[in-house]
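Trainee: I am new to this structure. Could you walk me through it?
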Amino acid sequence: MANYRWPSKLSKVSLRAKQTNLYRVILVAILCAASYSVGIWQNSRRGISSASLTSFPCTFPNKTSPILTFIPRHTSPHPPTSVTTARVLQIPSCGVEFSEYTPCEYVNRSLSFPRDRLIYRERHCPPKYEILQCRIAAPYGYSVPFRWPESRDVAWFANVPHTELTVEKKNQNWVRYEKDRFLFPGGGTMFPRGADAYIDEIGRLINLRGGSIRTAIDTGCGVASFGAYLMSRNIITMSFAPRDTHEAQVQFALERGVPAIIGVLASIRLPFPARAFDIAHCSRCLIPWGQYNGTYLIEVDRVLRPGGYWILSGPPINWQRHWRGWERTRDDLNSEQSQIERVAKSLCWKKLVQREDFAVWQKPTNHIHCKRNRIALRRPPFCHRTQPDQAWYTKLEQCLTPLPEVTGAEIKEVAGGKLAKWPERLNEVPPRIKSGSLQGITVDDFVSNTETWQRRVSYYKSFDHQLAETGRYRNLLDMNAYLGGFASALVDDPVWVMNVVPVEASFNTLGVIYERGLIGTYQNWCEAMSTYPRTYDFIHADSVFTLYKHRCDMKDILLEMDRILRPKGSVIIRDGIDVLTKVKKITDGMQWDGRIVDHEKGPLEREKILFLVKEYWTAPAPDQ
């Protein structure tokens, strides 16, 4: 007790000071936390921040997925407006003379190539230094096309301001011009009573309504009335014609909402896989089928499915009746038909019927007997070097593409596998995958991919109400289609999708897409597509820019997308966030409105989605 010392007065004061400081620290911490919570609550009430877009044409409901702006929250004061604007590189518009520019079918360039076999009308793309670095304007007065099915029969004159066909084909009822629009009565050179009646005649020869026929190809399509009227029978047609003196025929087809591309049978394969189409059709298409040792019919055989049909109307069929009107001699027409009959027989085709102005041949379901006949027929021999599905600048050959081997000796066994009838065909595992001939893709991969795209398209529609609105879009493009999952998820909508398989893709899956009853083409996106400006209402690009990262300029691909996209059309791009931020910087200079949102699985996924809309703008009035 003697050694114990009581606390001094000074130590008591020091203790109270420490306690007071502690209370202050706690109070400041509570106030900071409260302030931070209030800030979060206020931002959640605002929705889109001031740093985000303020004029996006689509309406977007509030979602749990935040809008990603990638702008720091603590910045210095904004620079003057002129400095901010200068950071976005504005891409200029091209001259009005480029309003219908098709880079790979440009007339001035094509005339330098041989005219023999129409080689000059094939794809001849510009070199890098000739690629336009400007945006192509729509014609003055351009309007959003009519909605399907009305668009099948009417189109705005201002959108395709050409009246040549209304004069040249006046007596054939292709197209009529009235006031501010074109009318399409459904006529054609060989179907003066209309395409519907013409197709009914074909339907009396082969069954078009049972679901066994789903994909068709129309060579030399005119304004594509044949394909337009087949749609009511659940048959989707790939129509093609060259860019020639029949000005804008493919452009009219696309404006009507009918699938079509610019193309010609000349010296290279059509950009489709083997065994793609259930029927092939030619109505006075003026293709010399019997010449060049049957090269063009050999190419039709390659793209025709086992058991598929080739339908020919017009010269020389029924020449005994029409030879005077065709202004050709009977001997000439008889010789042409004999050549065709001879080539068809050498391909092992069976002539089913010739009635009035129609003739129909059928391709065999397998090549068992055809291989035996090669001993006697000899020509054309079977191909051995080229792959059947290779069709990008691949030269035509005078050899027969062999069908896949069959297990038995049954003449009716379908080479490559029998397809289900439409619509079951869409979701049934395609034979190329089921048989294992497409290595690297399994049945489970196919099923999973189909389910994934059902979810993804539903997610897209929750953001892009124009995609969700029935009838708003008609012509859609998928730039990297893989198995066609995006298109399959939209099958109940009144749309069609051009499924593109890039030639640089890891897997050549276009054959699978056709086996599903969908259509598509091959494409190298470092080059322009064989179509007119303003072809598509909507473009979907899944990992396209990653695929072409070291192959060509991102800006060139985006300018091509701008060329083929209609004013007010939409684009959805899926890719890594670093890629999308670069893409958006360029599209800002193209006057596209856009924003980046999270992956459908949530914000932790590195892949994001960029929604874009092309603004409406046209060339100035002619007097300006």
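Mentor: Gladly! Let us begin with a pocket: β9 (304–313) and α11 (368–377) each supply at least two residues of the lining of the second largest pocket. Helices (H or I, at least four residues) and strands (E, at least two) are DSSP runs, numbered from the N terminus. This is a predicted model, where local features need pLDDT of at least 70 and side-chain atom pairs 80 or more, while totals for chains, interfaces and linings use all residues. Residues are numbered from 1 along each chain as its sequence is written, and side-chain values use heavy atoms, without hydrogens and water.

Trainee: What makes residues part of the lining of a pocket?

Mentor: On a 1 Å grid over the protein atoms alone, a pocket is an open set of points with protein on both sides within 12 Å along at least five of seven lines, and lining residues have an atom within 4 Å of a point. Here 32 residues line the second largest pocket, and among those closest to its centre are Pro306 and Lys363.

Trainee: Why are β2 and β4 called paired?

Mentor: Two strands pair if DSSP finds at least two bridges between them. β2 and β4 (residues 181–183) have 3 bridges, so they count as an antiparallel pair. Val154 stands opposite Leu183 in β4.

Trainee: What makes β2 (154–156) and β3 (176–178) edge strands?

Mentor: Each pairs on one side only, in an open sheet with the order β2-β4-β3.

Trainee: How do you know how confident the predictor is?

Mentor: pLDDT gives its confidence in each residue, from 0 to 100. The chain's mean is 88, yet pLDDT stays under 50 over residues 1–15.

Key: Contact means heavy atoms within 4.5 Å. On a 1 Å grid over the protein atoms alone, a cavity is a set of points where a 1.4 Å probe fits but cannot get out, and a pocket is an open set with protein on both sides within 12 Å along at least five of seven lines; lining residues have an atom within 4 Å of a point.
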